[in-house]
Amino acid sequence: SNEEDDDAASATAVGMGLYEDLSACIEDPDFFAVTLTQAGPLYVNLYFSHAEADVEVALLDSTMTQIGSSLSSTDNESITEELEAGTYYVEVYLYAGSQTQGASYSISFSNVVPECPTDALEDNDSAASPSALGIGVYSNLNVCEFDEDFYAVSLSAGQLLTVDVSFLDEEGDIDVRLLDDNEDTLSYSSSVTDNESVDYPAPTPMTVTIRVY
């Protein structure tokens, strides 16, 4: 119903909210124009089935310069950017190598930080305020795109730390990093499947910060 919206000049003007029952086709991109009245975040979420087709999304400024994109090879795409007030354009298109002619999708726009469910180890949203943990298993935890979790574990010299993060990738792709006192990465795990596992042997007595995001 938004056609023809194949370039920025004919983009569909949208506000914050969810737009459903849309179609992306080969060589027929869709453009949306979204205006921010004040500086702040913009969250763009694209919902589709990758089994139907590989749909991509890009964020452009008023000069048609790309300032953000999401190009995964799984269901759904999302872009998050901190922006100045102004009008921005979102382009939705099929991957050039797609084997199908088109796909259905929905798209949402928001400028409100999503609320993340709390868990028993909050508030641990930065490396400056991690939750102190001992060796053991900690269950029923939550992490969100805009609410990372940090944990601190004290190790003796020669002690091997193994961190296993168990989750379903279909609910969200979680990654894990081990950081030193300067927040530099010691080791990490960032697959695109269920679960992550990372090891680190402490060369000296030290505290390792675990970042789950």
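**Stop 1: a loop residue**

Select Asn140, which lies in the loop between β10 and β11. The model is a predicted one. Asn140 has a phi near 60°, a positive value in a residue other than glycine. With a relative accessible area of 75%, Asn140 is exposed.

Next, select Glu183, in the loop between β13 (176-179) and β14 (185-189). Glu183 is also not glycine and has a positive phi, near 65°. Its relative accessible area is 51%, so Glu183 is exposed, the cut-off being over 50%.

For a further backbone feature, select Glu122 and Asp123, which are joined by a cis peptide bond with omega at about 15°. Asp123 has its place in the loop between β9 and β10.

**Stop 2: the whole chain**

Zoom out and colour by secondary structure. The protein has zero helices and 16 strands. Its C-alpha trace spans about 65 × 40 × 30 Å along the principal axes. Of its 213 residues, 39% count as buried. Among contacts between residues at least 6 apart in sequence, 67% join residues at least 24 apart.

**Stop 3: the aromatic rings**

How many aromatic pairs does a search of the whole structure find? It finds two.

For one of them, select Tyr19 and Phe109. Their ring centres are 6.0 Å apart and their planes stand at 70°, so the pair is edge-to-face. Tyr19 belongs to strand β2 (residues 17-25) and Phe109 to strand β9 (residues 102-110), so the pair ties together parts 90 residues apart in sequence. Buried or exposed: what is Phe109? Phe109 is buried, at a relative accessible area of 2%. Tyr19, at 27%, is partly exposed.

Phe32 counts as buried at 1% relative accessibility. Show the three residues together: ring pairs link Tyr19, Phe32 and Phe109 into a cluster.

**Stop 4: the nonpolar cores**

Stay on Phe32 and display its surroundings. Leaving aside neighbours within four places in sequence, its contacts include Asn2, Leu22, Tyr88, Val90, Val92, Tyr105, Ile107 and Phe109. Phe32 also belongs to the largest nonpolar core, which has 24 residues. Which residues have the most contacts inside this core? They are Phe32, Val90, Val92, Tyr105 and Ile107. To see where the core comes from, select β2, β3, β4 (40-47), β5 (55-60), β7 (77-83), β8 (86-94) and β9, the elements that each give two or more residues to it.

A second, separate core has 19 residues, including Ile174, Tyr200, Met206 and Ile210. Select Tyr200, found in strand β15 (residues 196-201). Tyr200 is buried, with a relative accessible area of 14%. Beyond its neighbours within four places in sequence, Tyr200 is in contact with Gln159, Leu160, Leu161, Leu178, Leu186, Met206 and Val208. Draw a distance from Tyr200 to Asn2: these residues are 53 Å apart, C-alpha to C-alpha, and 198 residues apart in sequence.

**Stop 5: the charged groups**

Select Arg211 and Glu148. They form a salt bridge, with the closest N and O atoms 2.8 Å apart. The count for the structure is one salt bridge. Arg211 lies in strand β16 (residues 206-212) and Glu148 in the loop between β10 (131-132) and β11 (149-155), so the pair ties together parts 63 residues apart in sequence. Arg211 is partly exposed, at a relative accessible area of 21%, and Glu148 counts as partly exposed at 22%.

The charged end of Arg211 sits over the ring of Tyr213, 3.8 Å from the ring centre. To end the tour, select Arg177 and Tyr188, where the charged end of Arg177 sits over the ring of Tyr188 at 4.6 Å from the centre.

Conventions
Residues numbered from 1 in each chain as written. Predicted model: local features only at pLDDT ≥ 70, side-chain atom pairs only at ≥ 80, totals over all residues. Heavy atoms only, no water. Phe/Tyr/Trp six-rings, centres within 6.5 Å; stacked < 30°, edge-to-face > 60°. Helix = DSSP H or I, 4+ residues; strand = E, 2+ residues; numbered from the N terminus. Buried < 20%, exposed > 50% of the residue type's maximum accessible area, 1.4 Å probe, protein only. Lys NZ or Arg CZ within 6 Å of the ring centre and 35° of its normal. Core = buried A, V, L, I, M, F, W, Y, C linked by side-chain atoms within 4.5 Å. Contact = heavy atoms within 4.5 Å. Salt bridge = Lys/Arg side-chain N within 4 Å of Asp/Glu carboxyl O.
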